[in-house]
Amino acid sequence: MSGQKTPKKYGWNTPVTAVGPPGGAMLRNLKNIVSDPLNYLEATWTEFGDVIQFPIPKPATYLVTSPEGAREVLVNQHNATSKRTLQYNNLSLVTGEGLLTADTQAWRPRRRMLQPAFHKEMIALSMHHIEAGLSKLDSHWNELTEEGPAIVDMDHAMMTLALEITCGALFGINVDDEVDEITAATLIALHGVVARARNPISVPLFIPTPANLKMKRAIKRLDKAVEAILSSRALNKLPDDAPIRDMLDVLLDPDLEIPLTKQQIRDEIATFIVAGHETVASALTWAWHLLVTNPDELQKLKSDPMRAQQVFDESLRLYPPAWVITRRTLSDITVDDVLIPANSLVIVSPWLVHRNPKAWESPTKFMPDRFASGAPQLGYIPFGAGARLCIGKEMARLEGAKILAHIATHWNVEAIHASPVPIDASVTLRPEAGMPIRISRLLN
Ligand code: HEM
């Protein structure tokens, strides 16, 4: 712990209730905080411990990194917290008030309504789209490797595949011709979200700065994708006796308890495009990085594709796409014996919780075997926890495992980069300059 004296208040009457870096040190580190937030958070945690208060007067800002602390915030104190944080407010510029950003009152009936669209049959239906996506990937890679090994950007390949699967499974639409445009628009829009969250004086979106214009263009492109999804369904309605209703069918149902307005339908479709594909793609990209840099594990997966679930779960531990989860406290709460007053920003970091030796043995080691008997309840939060647990968790886990198993057993994949690959900690974790990987055909 630092020996420096901390003030009793950080201004605006914000009390100091936990240890943390002094203001001067944080200011001096500002460049590092913006350029390498993961490293900064990790160093701060190593120095100060599991619950930290940053020297920020408004809102009082806390970092929670212990397994129990994360659980306290996300599960036990669900009713004492809200999603009205700067991070979620910025995200809602892109997704509107969809399920991910909506606050408790609007969220509760919506979650109840949308949950059935993720029932078992629907997840099984996703299999069809996973297989279709993989067969397209095989054809594409077959062309690329006609003359011998080829180098592919696994990050781009996984983004494309995940978007095709999300749009196919949830909205019954084939996005073939538009895949690159939609993934690019998603990334630009999310990049704008992060840039705004990191800049305390970001300019309102209606003011036409170059960054705002770029973000608005990306949002418009996403809106176009939403419109294409809606008009495709208007032309190809599901038959009344269709055995499985997909997400779009649920959103458009006029007999819902509270039928959705046009804007609400738009917001949910945008939410599912954004939340459902970049996260899965990020997880898969890092899984490939881990596999090609740990050839023994890749070999084990090739000989036993049933290990794919463990590999995917362990990759999510080391590279949780949602590396921070934020909440605002509605009343005073206590986390690991630290009082966190009402109206504070609480940052729960899966990146750090997953590296906490209180929950994990050799935390930085890639060891899929640790998931052989399932995921632990405490200290593993790649999908969040409690009432706001990811609604797409099971779909994502199925998708992740099937894709890893298929590619590992149909292709040779090899590292090009010497690790480590620099990480861009945006809304999700992404490789800074793509993830080039060498692929070649298997010798029969
Ligand atoms: C590996 C992939 C994924 C990861 C790591 C992930 C992560 C998360 C996390 C951490 C949350 C909770 C956020 C919070 O508590 O503030 C969340 C919520 C959510 N996720 Fe995912 N997700 C993934 C895949 C998906 C997929 C495939 C979908 C949709 C098809 C999806 C849709 C959502 C939605 C709608 C929410 C909000 C749920 C609610 O509040 O009721 N996610 N996700």
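**Group meeting talk: the ligand and the strands beside it**

Okay, let's start at the ligand: 26 residues surround it, and the closest are Tyr88, Trp107, Arg111, Arg327 and Cys390. A residue counts as near when one of its heavy atoms lies within 4 Å. Before I go on, this is a predicted model, where local features need pLDDT of at least 70, side-chain atom pairs count only at pLDDT 80 or more, and totals for chains, interfaces and linings use all residues. Residues are numbered from 1 along each chain as its sequence is written, and side-chain values use heavy atoms, with hydrogens and water left out.

So what kind of residues make up that shell? By class, there are 18 nonpolar, 4 polar and 4 charged ones. Nonpolar here is Ala, Val, Leu, Ile, Met, Phe, Trp, Tyr, Cys and Pro; charged is Asp, Glu, Lys and Arg; the others, Gly among them, are polar.

Now the iron. Which protein atom is the donor to the iron atom of the ligand? There is a single one, the SG of Cys390, 2.3 Å away. Donors are N, O and S atoms within 2.8 Å of the metal, or 3.2 Å for Na, K and Ca, and water is not among the atoms, so sites may look incomplete. Cysteine 390 sits in the loop between helix 15 (350–353) and helix 16 (393–410). Helices are DSSP runs of H or I with at least four residues, strands are runs of E with at least two, and both are numbered from the N terminus.

An N or O atom in the side chain of tryptophan 107 is 2.6 Å from a ligand oxygen, and a polar side-chain atom of lysine 83 is 3.0 Å from an oxygen of the ligand. Helix 6 (104–114), helix 12 (262–293) and strand 5 are the elements that give two or more residues to the shell. Helix 12 has the largest share, 5 residues.

On to strand 5 (residues 325–329), which runs antiparallel to strand 8 with 4 bridges joining them; strands pair if DSSP finds at least two bridges between them. Arginine 327 stands opposite valine 346 in strand 8. Strand 2 (residues 61–64) pairs with strand 8 too, in the parallel sense, over 4 bridges, and there tyrosine 62 has valine 346 as its bridge partner.

Are the faces of strand 8 (residues 345–348) covered or open? Both are covered: Leu345 and Ile347 on one side, Val346 and Val348 on the other, are all buried. Buried means under 20% relative accessible area, with a 1.4 Å probe and protein chains only.

Note on methods
Buried means under 20% relative accessible area, exposed over 50%, partly exposed in between (1.4 Å probe, protein chains only). A polar contact is a pair of N or O atoms within 3.5 Å; within protein, one must be able to donate a hydrogen and the other to accept it, and residues adjacent in sequence count only if both atoms are side-chain atoms.
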